[in-house]
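Subject: A structure for you to explore

Hello,

I am passing along a structure for you to look through. Please open it beside this email, and then read on for what turned up in it.

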Amino acid sequence: YTFYKIFSKMFKVIVVKKEFKTIDEQIEVLKNKGLIIEDETYAKEILLKENYFFINGYRLIFMNSITDRTFIKGTTFRELYSLFLFDRYVRNIIFKYLLIIENNLKSVMSYQLSKNYGYKEKDYLNINNFTNDKEKRRRVKDIIEKMKRQIRINVSRHSATMHYSKNYGYIPLWILVKVLSFGIMCELYTILKDKDKESVAETFGIDPNLLEEMLPILSNYRNLCAHEDIVFDHKTERAIPDTEYHNKLKIFKMDDEYIYGKNDMFAVVIIFKYLLSKDNFRLMMKELEYEIDKLDGRIDTIPIQKVLDYMGFPKNYLEIVEM
């Protein structure tokens, strides 16, 4: 992970210094780095529509080394673009199932808080409804203020909030959550009283502390998906705790740390294993397997396992479906 972070920082500095290049110049840069472009007309059309600098962001895996920033002999533009499309399809899959979890979490949390503290803003946003941990007091106030701000912003913009405000004079939490970001919901969970955390986590059949550790990872990936950023090799700053699935899959350890499934895309798969229904998880894994198999048939320069390594997927990743 340290290597990845160092390289990422180096790469970002280089990108900042890049100047505008025409499509023809972009083609020449790629060719000079050893990329084989079989059909220049096709390549130019893709670069214009998809953005050269974004596609170029996928080249790391096809490079000879961190010091030799040329493409591995035989690498083609179609392979590079195939990885770009693979990431897009995987991002869409992750996003689709993230939205299911987001909706479930919003529903469960709004039900729990409304049941215990009332359905009007003055009731469910009362500071006494949340943790009395002195170290979290400032965070409690900040999150409550964020929610109040969303009420002020959306009272005249969102049809449901407008309806309740106009006709009833208040906006119930089960309506407000529709306009709250997933990030705010994740923050909200951290300031709940222990009994409320336990009730929410119990709905998902998960330990409340584990859920609290997992939510920031999902929030980070949700933002990446929403902004169409690169996800297949993304590493989060935070890592999920060791789980039973790390052990069952016999994931290799280095320096007493699992090398996969901690702060990578496979960590997201493990989180989904906990939070999605069995049917939805099975469907998601089938969709991921299909995209991986499809990419395997479109790249020859590098083995598919190299892509899986970047994703944090062990060779036996599919075994998690039956666990």
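Below is a short tour, going from the whole chain to single residues.

**The whole chain**

Please keep in mind that this is a predicted model. The chain has 323 residues, and 48% of them are buried. It contains 16 helices and two strands. If you follow the C-alpha trace along its principal axes, it spans about 65 × 45 × 35 Å.

**The nonpolar core**

Which residues have the most contacts inside the largest nonpolar core? They are Leu-188, Phe-272, Val-307 and Phe-313, in a core of 105 residues. The element that gives the most to this core is helix 5, residues 77-117, which supplies 18 residues.

Setting aside residues up to four places away in sequence, Val-307 touches Ile-61, Leu-83, Phe-86, Phe-232, Leu-295, Ile-299 and Ile-302.

Now go back to helix 5 and find Glu-102. Is Glu-102 buried or exposed? Its relative accessible area is 7%, which is under the 20% cut-off, so Glu-102 counts as buried. The side chain of Glu-102 is joined to that of Arg-222 by a polar contact of 2.5 Å. Apart from neighbours within four places in sequence, Glu-102 is in contact with Phe-182 and Arg-222.

Next, look for Ser-219 in helix 12, which runs over residues 208-226. Ser-219 has a relative accessibility of 12%, so it is buried too, again by the 20% cut-off. Beyond neighbours within four places in sequence, its contacts are Phe-182, Gly-183 and Cys-186.

**How two helices meet**

When two helices pack, they are described by the angle between their axes and the distance between those axes. For helix 11 (residues 194-204) and helix 12, the angle is about 80° and the axes are 9 Å apart. An angle from 65 to 115 degrees counts as roughly perpendicular, so that is how helix 11 and helix 12 are arranged.

Which residues meet here? From helix 11 come Lys-197, Glu-198, Val-200 and Ala-201, and from helix 12 come Pro-208, Leu-211 and Glu-212. Sorted by class, this contact has four nonpolar, no polar and three charged residues.

**Two loop residues with positive phi**

Asn-51 is not a glycine, yet it has a positive phi of about 90°. You will find Asn-51 in the loop between helix 3 (40-50) and helix 4 (52-56). With a relative accessible area of 42%, Asn-51 is partly exposed.

Lys-250, also a residue other than glycine, has a positive phi near 55°. It lies in the loop between helix 13 (244-248) and strand 1 (253-254). Is Lys-250 buried or exposed? Its relative accessibility is 74%, and over 50% means exposed, so Lys-250 counts as exposed.

Enjoy exploring, and do write back with any questions.

Best wishes

Key
Residues numbered from 1 in each chain as written. Predicted model: local features only at pLDDT ≥ 70, side-chain atom pairs only at ≥ 80, totals over all residues. Heavy atoms only, no water. Core = buried A, V, L, I, M, F, W, Y, C linked by side-chain atoms within 4.5 Å. Buried < 20%, exposed > 50% of the residue type's maximum accessible area, 1.4 Å probe, protein only. Helix = DSSP H or I, 4+ residues; strand = E, 2+ residues; numbered from the N terminus. Contact = heavy atoms within 4.5 Å. Polar contact = N/O pair within 3.5 Å; in protein donor to acceptor, adjacent residues only side chain to side chain. Axes fitted to C-alpha atoms, helices over the stretch in contact; angles between N-to-C directions. Parallel < 35°, antiparallel > 145°, perpendicular 65-115°, else oblique. Nonpolar A, V, L, I, M, F, W, Y, C, P; charged D, E, K, R; others polar.
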